[in-house]
Amino acid sequence: MATETLTLGKALNTGLRRALENDPKVVIMGEDVGKLGGVFRITDGLQKDFGDQRVIDTPLAESGIIGTAVGLAIRGFRPVCEIQFDGFVYPAYDQIVSQVAKMHYRSQGKVRIPMVIRIPFGGGIGAVEHHSESPEAYFAHTAGLKVVSCANPQDAYTMIQQAVASDDPIVFLEPKRRYWEKDPVELDGPLSGAYPLHSSRVVRPGTDATVLAYGPMVRTCLDAATAAAEDGRELEVIDLRSLSPLDLTAAYESVKRTGRCVVVHEAPGNLGLGSEIAARITEECFYSLESPVLRVTGFDTPYPASRVEEEYLPDLDRVLDAVDRTFGW
Amino acid sequence: MAKGDPGVSSRGRRAAPRSKKGATGDPQLVQLLTPEGERIESATGPDGTEYRVDFTDEEYRGLYRDLVLVRKLDAEATALQRQGELGLWASLLGQEAAQVGSGRALRTQDMAFPTYREHGVLYCRGIDPIMPLGLFRGVDQGGWDPNEFKFNMYTIVIGAQTLHATGYAMGVHMDGKTGTEDGEAVIAYFGDGATSQGDVNEAFVWASVFNAPLVFFCQNNQYAISEPLERQTRVPLYQRAGGFGFPGVRVDGNDVLASYAVTRHALDNARLGQGPSLIEAYTYRMGAHTTSDDPTRYRIASEVEAWQAKDPIARMKAFLEKQQIADADFFAAVDEQARTESVHLRERVLAMPNPEPVTMFDHVYPNGSPELDEQRAQFTKYMESFEGSAH
Ligand SMILES: Cc1ncc(C[n+]2csc(CCOP(=O)(O)OP(=O)(O)O)c2C)c(N)n1
């Protein structure tokens with residue numbers, strides 16, 4: 001079987017290429033996705049090989065990108081839309097939450113919108129404002145949408161193909177600060193493989209506390225677990241992968257063993273995914289918990305100027321600090 | 001369509017020929033200074049308006065000085081980015097005349113709504129040129145006072161500011177500050193790519209039906225990152241105005257005199273209560289979109305060279321020389337001033353400190369919020385726990 005070492009970005013590119021090859025109805029659309037290959041080069045070379053009817057440079061209009069993709073989907077295509085940066089999805093927000101999310105329901109299942117909305121999200125790359133946002137809660141709150149996030153090259157490769165093949169509209173969040181991180185990727189495994197799109201996954205087993213994360217924070221939490229191990233504490237790290245629906249089966253099982261749980265995300269804490277997760281874990285694992293479920297999140301401020309983003313973003317120290325606190329109860 | 005019968009559809013209706021180059025075609029420019037530096041006395045716009053300017057020698061020299069200074073400061077910022085002192089820079093190289101021409105046409109009371117590239121207009125508004133560098137360095141999000149300088153913060157989300165400008169202009173109108181020679185006018189800057197956004201089209205609608213005293217100033221620099229103009233429009237942009245019910249004009253955006261003339265005229269109309277208009281400044285972005293862009297992927301060198309021959313500064317210099325408005329000493333002095341100011345800028349940028357992390361909690365709400373006060377206190381305590389450690 002073919003295994004290649006790829007960056008997360010290249011893994012997405014390869015996955016998209018496979019999706020274009022496998023289904024002639026798949027079209028990629030977005031700003032600068034053609035000749036330029038996207039500002040992060042995720043669609044690099046695809047227009048050259050599949051032509052400008054399959055890889056479409058759109059006018060500079062996000063509402064237009066999503067709205068026309070709805071029409072294309074009704075017509076039988078499978079649009080994969082690229083939003084250039086998280087902070088530019090809002091002009092398309094109305095189309096996504098009012099139209100994309102509801103068509104299937106309103107038509108009593110007669111209309112399908114098999115669309116993928118790819119968004120590079122999160123901070124940590126020293127960008128200017130509007131380029132580092134974590135909008136996942138807005139979408140996860142909307143019924144009819146599915147929201148997923150990959151955290152490593154293998155998942156990037158597999159999940160993007162699973163998302164394109166899915167009949168659901170999917171908001172696909174790409175951890176942009178991890179685009180350049182490399183890992184071996186198994187290219188020929190079955191798509192429906194060991195991990196279906198909407199499942200979470202234990203990425204580091206441990207016995208002392210459970211750490212839940214997704215997207216860019218998975219790496220941070222793995223690093224924290226490595227550091228904790230040096231101090232003799234074994235953290236179990238779970239990559240949630242799917243934010244809506246949330247798959248917490250592995251998390252429940254884990255927390256029942258460890259008795260301690262920390263949820264980590266970059267988005268502000270107030271009404272963030274962590275609140276929902278903490279509530280569900282508390283309901284499900286109440287009698288096993290040794291301490292309250294703690295959250296490590298961005299602060300409830302707009303994303304700050306990049307010279308202080310290191311302090312804004314949860315880092316290894318803040319994760320370990322929260323773990324310490326769960327032991328101090 | 002029958003072969004050999006172009007333009008006639010099978011149903012016998014005459015279809016307009018759809019040229020692929022429709023949007024870029026004949027430039028139809030208002031021009032007062034040719035690329036060779038020849039002065040044109042007056043130029044007529046599409047609605048018959050006569051454009052002319054009448055500057056003193058001192059004013060001509062002033063415009064030249066502005067162009068050179070603005071280019072030099074921009075080059076310095078690009079260099080600073082290359083040396084890792086700025087996270088990003090959006091250069092105005094090639095667009096100096098559009099910005100200085102329109103910027104100098106503004107009166108003190110007029111309000112401007114920029115994008116992220118309007119460093120030349122910012123300069124004309126009297127704002128310290130270090131101001132936008134804070135945003136691109138990542139130490140703040142734009143540090144000047146928009147009310148004091150009548151120049152709003154930069155806007156990164158494409159097109160959003162055109163609606164703000166429209167609302168502001170409606171407010172000017174409602175405050176009764178139009179209809180006189182010394183009324184107020186508003187200008188909104190945006191790019192060719194922005195014309196595809198819903199917001200910009202909504203701004204056109206609103207400005208039109210509310211007769212807002214507003215000038216839409218589109219710098220058509222031919223590209224939205226990698227996408228050429230044809231990806232945004234099939235008609236020349238200035239002609240869009242007609243469909244919204246206000247006049248549009250295309251000006252040579254590399255000609256500072258014409259840019260000044262059409263903007264001054266449009267602003268005066270606006271302040272007199274005659275409503276909005278659209279100016280398409282036909283120009284070219286000589287550099288990359290931003291410092292993180294690679295333009296060789298989507299445009300060819302010969303195109304860039306062709307535009308080089310239309311350089312806004314070279315033509316102004318040729319004019320000043322031919323007319324003997326300025327001598328070698330003057331040009332040397334301007335270059336020297338530009339050099340000194342850019343060195344000064346560099347020193348100040350290098351000295352720009354990082355903000356204290358705790359300041360990220362400032363100004364979220366004018367009167368604070370208990371939750372945030374609590375977060376700030378916890379954050380401070382947490383940061384103090386590292387003090388003295390090697391963190
Ligand atoms: C709503 C939105 N979508 C996408 C972007 C990313 N982006 C930044 S600049 C740009 C191109 C803008 O082109 P244009 O309007 O022609 O202005 P120019 O940069 O050429 O001056 C794009 C796509 C953005 N800033 N905002």
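Between chain B and chain A there is one salt bridge, meaning a side-chain nitrogen of Lys or Arg within 4 Å of a carboxyl oxygen of Asp or Glu. Asp44(A) pairs with Arg297(B), and their closest N and O atoms are 3.0 Å apart. Side chains of opposite charge can pair when their charged atoms come close.

The model is predicted: local features need pLDDT of at least 70, side-chain atom pairs count only at pLDDT 80 or more, and totals for chains, interfaces and linings use all residues. Residues are numbered from 1 along each chain as its sequence is written, chains are lettered from A and ligands numbered from 1 in the order in which they are written, and side-chain values use heavy atoms, with hydrogens and water left out.

Polar contacts also cross the interface. Between chain B and chain A, 16 residue pairs are in polar contact, both residues being at pLDDT 80 or more. A polar contact is a pair of N or O atoms within 3.5 Å; within protein, one must be able to donate a hydrogen and the other to accept it, and residues adjacent in sequence count only if both atoms are side-chain atoms. On the side of chain B that touches chain A, helix 4 (131-137) and helix 13 (370-384) of chain B are the elements giving two or more residues. Helices (H or I, at least four residues) and strands (E, at least two) are DSSP runs, numbered from the N terminus. Helix 13 of chain B gives the largest share, five residues. By class, this side of chain B has 22 nonpolar, eleven polar and nine charged residues. Ala, Val, Leu, Ile, Met, Phe, Trp, Tyr, Cys and Pro count as nonpolar, Asp, Glu, Lys and Arg as charged, and the others, Gly among them, as polar.

Now the extent of the interface. The contact (heavy atoms within 4.5 Å) takes 42 residues from chain B and 40 residues from chain A. About 3300 Å² is buried between the two chains, and carbon and sulfur atoms give 58% of that. Buried area is the accessible area (1.4 Å probe) that two parts lose on being put together, summed over both.

The ligand lies between chains A and B. Of the 20 residues around the ligand (a heavy atom within 4 Å), Glu62(A), Tyr116(B), Arg117(B), Ile156(B) and Gly193(B) come nearest. The shell has ten nonpolar, six polar and four charged residues. A ligand nitrogen is 2.5 Å from a side-chain N or O atom of Glu62(A). For Gln84(A), the distance from a ligand nitrogen to a side-chain N or O atom is 3.5 Å. A ligand oxygen is 3.1 Å from a side-chain N or O atom of Asp192(B). Taken alone the ligand exposes 580 Å², and the protein buries 95% of that, by the Shrake-Rupley method with a 1.4 Å probe; for residues, only the protein chains shown count as cover.

Over all chains, the count is 41 salt bridges. One of them joins Arg118(A) and Glu174(A), with the closest N and O atoms 2.5 Å apart. This pair links distant parts of the chain: Arg118(A) is in strand 5 (residues 116-121) and Glu174(A) in strand 7 (residues 170-175) of chain A, 56 residues apart.

Two backbone details remain. The peptide bond from Ser244(A) to Pro245(A) is cis, with omega near 0°. Pro245(A) sits in the loop between strand 12 (242-244) and helix 9 (249-258) of chain A. Asn211(B), a residue other than glycine, has a positive phi, near 50°. Asn211(B) lies in the loop between helix 7 (198-209) and strand 5 (214-220) of chain B.
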